[in-house]
Amino acid sequence: MRFELYFYNICVIIGSIYYIFRRLIGICVSARRERMIMCSKKLMVACLIFGSSFSLLYGVDNCSRWAIVNLDQISIIIPACETAGATIPEDTGSTGDVPAIDSAVREMYLDVINTARSESQDCGEYGVKPAVAPLRWSDALYKASYRHSNDLARTNTFSHTGSGTATDIAAQALHPGEGSHVGERIEHAGYTNWRAYGENIAAGTVMDEAQEAIDAWLSSPGHCANLMNSNFTEVGMAHVMDSDSHYTHYWTQDFGKR
């Protein structure tokens, strides 16, 4: 565990003590006790700020998400980091399970993605996102995207967690029977040394066009925020159709930054 994560754990302990003291033990009567509570509260905020500043100033890798911690009327945003992926083996074998994407389809996917990013978008609770830089195509992220879409379609599931079955390729290599998560899938597909990643999935019985998937993501606040995230620099996107599955059409869009 990294140095700054110890700070987060300490902060969680301090926050828990504060919560129990303030909420469960009873109402604070004396002004002195109130000052003690405020001191604990400020100390927790200071810990969080220090840990966040440390990670940003000294280049902590793999901080792909941000978490908001609310302390009554105080809010602070801290990085929520994934552990480094050095222990996840890259798939260096055959890629026969992933068909090569036609160059025209690849360019069409990039066009609809970057057209959306070239304009400001209203992402609901995440606010209006300004236009951001275009993304580059990543074959490794495409590989991870295709495998996840295929896994969803063949197992008739819909989740960011893989099925854990034979079509969950990363899970089979890492922990058979337990579903893979997106970080494992992109690393196993060859997208290593990442600093950030994200994933959008979509499915629908008539969602057979990339623009329809993009429109669905833009209408969902969280997916819209992913699509408009200025931190991402690369993308891969894949569509798999299975007429025997519940939704027929399955889309996965994996983002990354290295």
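Alanine 153 counts as buried in this predicted model, because its relative accessibility is 1%, under the 20% cut-off. The residue lies in helix H4, which spans residues 139–155. Leaving aside neighbours within four places in sequence, alanine 153 is in contact with Val240, Asp242, Ser245 and Tyr250.

## Overall composition

The protein has 258 residues, of which 45% count as buried. Its secondary structure comes to eight helices and eight strands. Among contacts with a separation of 6 or more, 64% are between residues 24 or more positions apart.

## The four-stranded sheet

Four strands form an open sheet in the order S5-S7-S8-S6, with mixed pairing. S5 and S6 stand at the edges with a single partner strand each, so one side of each has no neighbour in the sheet. Strands of a sheet pair through backbone hydrogen bonds, either parallel or antiparallel.

S7 and S8 run antiparallel and are joined by eight bridges. Within this pairing, valine 235 has phenylalanine 255 in S8 as its bridge partner. S6 and S8 also run antiparallel, and nine bridges join them. Asparagine 200 stands opposite glutamine 253 in S8.

How many of the nine residues of S6 are buried? Nine of the nine are, so S6 is largely enclosed by the rest of the structure. In a regular strand the side chains alternate between the two faces of the sheet. In S6, Ala196, Gly198, Asn200, Ala202 and Gly204 point one way, while Tyr197, Glu199, Ile201 and Ala203 point the other way. Both sets are buried.

Histidine 249 lies in strand S8. This histidine is buried, with a relative accessible area of 7%. Its side chain makes a polar contact of 2.9 Å with the side chain of histidine 239. Beyond four places in sequence, the contacts of histidine 249 include Ala202, Ala203, Gly204, Thr205 and Val206. Also among them are Met207, Asp208, Val240 and Met241.

## Helices H7 and H8

Helix H7 covers residues 210–218, and its buried residues are Ala210, Ala213, Ile214, Trp217 and Leu218. They lie on the same side of H7, because they cover an arc of only 135 degrees around the axis. What covers these buried residues includes helices H3 (103–117) and H8 (221–227). Strands S3 (121–122), S6 (196–204), S7 (234–241) and S8 (249–257) are also among the covering elements.

Asparagine 226 is found in helix H8. A polar atom of the asparagine 226 side chain lies 3.2 Å from the backbone oxygen of glutamate 199. Not counting residues up to four places away in sequence, asparagine 226 touches Glu199, Asn200, Phe232 and Phe255.

## Aromatic residues

The structure holds eight aromatic pairs. One of them joins tyrosine 109 and tryptophan 137, and the pair is tilted because the ring planes are at 40 degrees, with the centres 6.5 Å apart. This pair links distant parts of the chain, since tyrosine 109 is in helix H3 and tryptophan 137 is in strand S5 (residues 136–137), 28 residues apart. Tryptophan 194 and tyrosine 197 form an edge-to-face pair, with 4.7 Å between the centres and 80 degrees between the planes.

Are the members of these two pairs buried or exposed? The table gives the relative accessibility and state of each.

| Residue | Relative accessibility | State |
|---|---|---|
| Tyrosine 109 | 8% | buried |
| Tryptophan 137 | 15% | buried |
| Tryptophan 194 | 3% | buried |
| Tyrosine 197 | 6% | buried |

Ring pairs also link Tyr109 and Trp137 with Tyr142, Tyr146 and Trp251 into a cluster. Elsewhere, arginine 258 lies over the face of tyrosine 191, at 4.1 Å from the ring centre.

Technical notes
Residues numbered from 1 in each chain as written. Predicted model: local features only at pLDDT ≥ 70, side-chain atom pairs only at ≥ 80, totals over all residues. Heavy atoms only, no water. Buried < 20%, exposed > 50% of the residue type's maximum accessible area, 1.4 Å probe, protein only. Helix = DSSP H or I, 4+ residues; strand = E, 2+ residues; numbered from the N terminus. Arc of directions from axis to C-beta. Contact = heavy atoms within 4.5 Å. Pairing = 2+ DSSP bridges. Phe/Tyr/Trp six-rings, centres within 6.5 Å; stacked < 30°, edge-to-face > 60°. Lys NZ or Arg CZ within 6 Å of the ring centre and 35° of its normal. Polar contact = N/O pair within 3.5 Å; in protein donor to acceptor, adjacent residues only side chain to side chain.
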